[in-house]
Amino acid sequence: MPTDPCILAATPLENYFPVFVLLMMAIGFAFANVVLTRFIGPMRSGRTKDETYESGMTPIGTARKRFNVRFYILAMTFLVFDVEVIFLYPWATTFANIDPSGEQGAVFLGRVLFFMATTVIAYVYGYRKGIFRFD
Amino acid sequence: MLDAVLDRIFPLSPQVFVGIITGVVALNAIVGTIPLLIYFERKISAYIQDRLGPNRVGFDLGLPILQKLFRGFGFWGLGQSAADGLKFVLKEDFTPRGADKFLFSLAPAAAVVPAMIGWAVIPWGGALEVGSIVLGGRELVAAGTVQVMAANINAGFMYLLAIAALGVYGVTLGGWASNNKFSFLGGLRASAGMISYEIPMGLSILVIVLMAGSVRPTSIVEQQIGDGAVWFILAHPLAALLMYTCILAECNRAPFDNAEAEQELVGGFHTEYSAMRFALFFLAEYTHMIAGSAFFVMLFLGGYHLPGVALTTPEETGLLAVLAKFVVFFTKVVLSICFMMLVRWTIPRIRYDQVLKLAWQTLIPVSMVLVVSTSVMVYLGRTLWWQTAVMNLALSLALMVIWPYLPRADVNRRVPLAGSRFSPLPGEAVRTGVSNPVALTDNPMPDKNQGLVSVH
């Protein structure tokens with residue numbers, strides 16, 4: 001069980017500064033590569049060469065087509081569960097640091113079990129609707 | 001004026017100073033390790049397939065004098081990755097017709113940037129005691145005890161999860177912008193797979209957060225070290241298994257690499273990419289592997305700790321201890337990556353709908369049950385490592401027992417098109433043509449007398 005008091009201490013904002021440095025380095029690296037590679041190496045074009053490679057077939061139409069709605073449903077379901085997981089993190093951190101076996105712990109546990117039960121309902125509904133079948 | 005500005009800036013917090021140094025060193029170490037990892041992967045795959053793998057390309061660079069010097073010595077093919085990298089730089093940067101030019105260029109950058117900053121919260125080397133740095137009478141860096149990691153922040157796991165989720169954008173944009181149907185499908189598949197496996201990953205990390213009561217990476221590692229504490233993989237084997245599976249899927253590694261299934265999708269979302277833009281996708285994939293493995297090592301394999309070695313405990317804060325811890329940590333990461341490669345070259349790729357089914361029908365329910373069980377264990381105060389291990393194993397056993405009784409969608413079921421030749425409306429008899437009775441009846445040995453065929 002956690003005993004370290006600094007676990008709950010706030011982080012000074014300046015500790016994020018190295019992330020900013022790394023971000024600048026990464027962006028610089030990525031864009032330098034993307035830009036420089038246009039200037040090194042040959043640049044030729046032609047009618048056949050510019051075509052997309054679709055296993056050797058001449059492409060028919062563009063790829064900007066309608067696609068299966070299941071990806072959309074999947075993304076929406078993902079949102080439900082992802083938000084739930086993110087909400088659980090602060091709870092988990094707090095729950096382990098209060099006295100979990102005491103009265104407050106019971107309230108904490110009961111509330112989150114109710115919260116997870118709502119997600120289970122959503123899951124069962126989705127399952128009954130057949131959105132996890134992917135066939 | 002200048003003094004006032006300098007007074008505001010200095011002395012720097014030692015954590016920031018060490019953090020920047022660690023970040024830059026680790027970034028270069030990671031990018032420099034990737035060619036070696038590619039070499040490892042090719043060698044491992046070669047030995048698994050009873051081949052030799054790259055063993056010719058050395059470092060003679062085609063120069064006659066070096067060729068003479070290294071005669072008969074190929075450096076075990078170590079030059080292969082360097083040659084590949086050079087080739088990436090010199091190749092033509094191709095953009096297909098009809099591609100969205102801006103997004104097509106943006107996608108590799110969007111893939112590689114999150115990969116390169118995601119590991120900032122990995123505690124490579126534990127605590128380090130630093131003295132103050134004084135230059136010209138001004139204290140540049142204050143003295144203190146710091147953590148050898150790029151960003152010592154208390155919301156470390158949230159940061160890692162958030163940045164890991166950003167990796168989806170590069171893949172999706174790359175697939176969409178190419179104007180290639182195969183790329184588009186590959187990008188869709190990759191994004192669907194990555195977001196699906198994010199949920200069980202978050203839930204299995206939650207198990208560890210419940211045990212440790214913190215999302216600060218350093219304290220997670222420290223709680224796996226000491227008397228009565230064990231690595232979390234022993235306390236939570238099921239969570240470790242879930243987590244490793246999810247990391248494989250997040251990195252688009254086999255057996256979940258349907259985004260680039262060659263047999264179906266050419267090259268997946270990077271079919272149309274060439275030169276350095278392709279190399280950036282490749283770099284992002286391998287950096288994800290390193291970051292994911294480091295994450296796994298930090299959560300479940302004790303981070304920088306080696307049992308029985310006093311130098312790798314948090315109490316040691318010298319420079320030597322930090323070096324030893326870094327070596328231990330990186331060795332564990334490389335071993336984990338080698339295990340990923342073994343998995344890739346031994347387990348065949350599973351079908352795409354099975355990938356998503358595994359996430360939504362198996363991993364998410366199992367990890368939710370695991371989270372609930374763990375929180376009940378915490379409530380009951382049963383948090384010794386063997387107690388949670390028994391809980392994990394009992395849960396696994398219970399799942400195996402009830403598995404056959406769970407509802408399950410049928411595989412490859414027939415979707416009838418009502419009114420067609422194959423699925424006639426009720427009471428309708430269909431006269432089949434003579435052209436191809438095998439295809440019409442689904443019957444391997446068709447009746448010679450064609451005519452009215454009963455259609456199921």
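B:Val31 is found in helix α2 of chain B; helices are DSSP runs of H or I with at least four residues, strands are runs of E with at least two, and both are numbered from the N terminus. With 16 other C-beta atoms within 10 Å, B:Val31 is partly exposed. A residue is buried with 20 or more other C-beta atoms within 10 Å of its own, exposed with 12 or fewer, and partly exposed in between; the C-beta atoms are placed from the backbone. B:Val31 and B:Leu234 are 203 residues apart in sequence. Their C-alpha atoms are 32 Å apart in space.

The model is predicted: local features need pLDDT of at least 70, side-chain atom pairs count only at pLDDT 80 or more, and totals for chains, interfaces and linings use all residues. Residues are numbered from 1 along each chain as its sequence is written, while chains are lettered from A and ligands numbered from 1 in the order in which they are written.

Chain B holds 16 helices and four strands. Along the principal axes, its C-alpha atoms fill a box of roughly 105 × 70 × 55 Å. Of the 456 residues of chain B, 48% count as buried. Contacts here join residues whose C-beta atoms, placed from the backbone, lie within 7 Å. Among the contacts in chain B with a separation of 6 or more, 75% link residues 24 or more positions apart.

Helix α13 of chain B (residues 319-346) contains B:Trp345. B:Trp345 counts as partly exposed, with 16 C-beta neighbours inside 10 Å. Beyond four places in sequence, B:Trp345 touches B:Ile44, B:Ser45 and B:Ile48. The C-alpha atoms of B:Trp345 and B:Tyr47 are separated by 10.0 Å. Along the chain, these two residues are 298 residues apart.

Helix α12 of chain B includes B:Phe296. B:Phe296 has 21 C-beta neighbours inside 10 Å and therefore counts as buried. Residues up to four places away in sequence aside, B:Phe296 touches B:Met243, B:Tyr244, B:Ile247, B:Leu301 and B:Ser336. B:Phe296 and B:Ile233 are 63 residues apart in sequence, and their C-alpha atoms are 9.6 Å apart.

B:Ala275 is also placed in helix α12, which covers residues 275-300 of chain B. Its phi is positive, about 55 degrees, although B:Ala275 is not a glycine. B:Ala275 counts as buried because 22 C-beta neighbours lie inside 10 Å. A positive phi, near 60 degrees, is also found at B:Asp50, a residue other than glycine. B:Asp50 sits in the loop between α2 (14-48) and α3 (64-69) of chain B. With 6 C-beta neighbours inside 10 Å, B:Asp50 counts as exposed.

The largest nonpolar core has 151 residues. Such a core is a set of buried Ala, Val, Leu, Ile, Met, Phe, Trp, Tyr and Cys residues joined through C-beta atoms within 7 Å. B:Val112, B:Leu206, B:Ile208, B:Met243, B:Leu280 and B:Leu299 touch the most other members. In soluble globular proteins, nonpolar side chains tend to be buried together. Neighbours within four places in sequence aside, B:Leu206 is in contact with A:Val85, A:Leu88, A:Tyr89, A:Ala92 and B:Val371.

Between the chains, 63 residues of chain A are in contact with 75 residues of chain B. On the chain A side, the elements giving two or more residues are α1 (17-39), α2 (70-97) and α3 (103-129). The largest share, 15 residues, comes from α1(A). By class, this side has 42 nonpolar, twelve polar and nine charged residues. Ala, Val, Leu, Ile, Met, Phe, Trp, Tyr, Cys and Pro count as nonpolar, Asp, Glu, Lys and Arg as charged, and the others, Gly among them, as polar.

Within chain A, α2(A) and α3(A) pack at an angle of about 165 degrees, with their axes 11 Å apart. Axes are lines fitted to C-alpha atoms, for helices over the stretch in contact, and angles run from 0 to 180 degrees between N-to-C directions. The two helices are therefore roughly antiparallel to each other. Angles over 145 degrees count as roughly antiparallel, under 35 as roughly parallel, 65 to 115 as roughly perpendicular and the rest as oblique. From α2(A), the residues A:Thr77, A:Val80, A:Phe81, A:Glu84, A:Leu88, A:Trp91 and A:Phe95 take part in the contact. They meet A:Phe108, A:Val112, A:Thr119, A:Ala122 and A:Gly126 in α3(A). By class, this contact has eight nonpolar, three polar and one charged residues.

How values were computed. Two residues are in contact if their C-beta atoms, placed from the backbone, lie within 7 Å.
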